[in-house]
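Let's take a friendly walk through this model together. Have the viewer open and follow along as we go.

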Amino acid sequence: AYRVVGALRALEAAWNEGKRGRPHFEAEEHPINLNVGRIEGGDWASSVPAWCRLHCRIALYPGVRAAEAAREIEAAVAAF
């Protein structure tokens, strides 16, 4: 899960680079933020987890459709 979050952080960085040409965001250092709000996994405290689920939230620029962003997120995770 830690490495998947790294792939999502790379996407976050790319989206922050995309602030150029967006006049309301160009002056902001880091307008897009990824929040990993919850990580759950495993069935027993003394075993290696067999599963993991991440719950995240990421900001979008105005005008970016959620479905478009979801496709980019899914592609980033799949490419990882």
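Helix 1 and helix 2 are oblique to each other, a label for angles that are not under 35 degrees (roughly parallel), over 145 (roughly antiparallel) or 65 to 115 (roughly perpendicular). Their axes cross at roughly 135° and come within 9 Å; axes here are lines fitted to C-alpha atoms, for helices over the stretch in contact, with angles running from 0 to 180 degrees between N-to-C directions. The crossing of helix 1 and helix 2 is right-handed, meaning that the near helix is turned clockwise from the far one by less than a right angle. On the helix 1 side, the contact uses Val4, Ala7, Leu8, Leu11 and Trp15, and helix 2 brings Ala69, Glu72, Ile73, Ala76 and Val77. Contact means heavy atoms within 4.5 Å. Sorted by class, this contact has nine nonpolar, no polar and one charged residues, where Ala, Val, Leu, Ile, Met, Phe, Trp, Tyr, Cys and Pro count as nonpolar, Asp, Glu, Lys and Arg as charged, and the others, Gly among them, as polar.

Before going further, please note that this is a predicted model, in which local features need pLDDT of at least 70 and side-chain atom pairs pLDDT 80 or more, while totals for chains, interfaces and linings use all residues. Residues are numbered from 1 along each chain as its sequence is written, and side-chain values use heavy atoms, without hydrogens and water.

Now look at helix 1 itself. Helices (H or I, at least four residues) and strands (E, at least two) are DSSP runs numbered from the N terminus. The 16 residues of helix 1 (residues 2–17) should span 22 Å at 1.5 Å a residue, and the 23 Å between its end C-alpha atoms agrees; the expected span is 1.5 Å times one less than the number of residues. Which partners do its buried residues pack against? They meet strand 1 (34–41), strand 2 (52–58) and helix 2 (66–79).

Asparagine 16, in helix 1, is buried because its relative accessible area is 6%; buried means under 20%, exposed over 50% and partly exposed in between (1.4 Å probe, protein chains only). Leaving aside neighbours within four places in sequence, asparagine 16 touches His30, Pro31, Ile32 and Tyr61.

Finally, glycine 37 sits in strand 1 and is exposed, at 58% relative accessible area.
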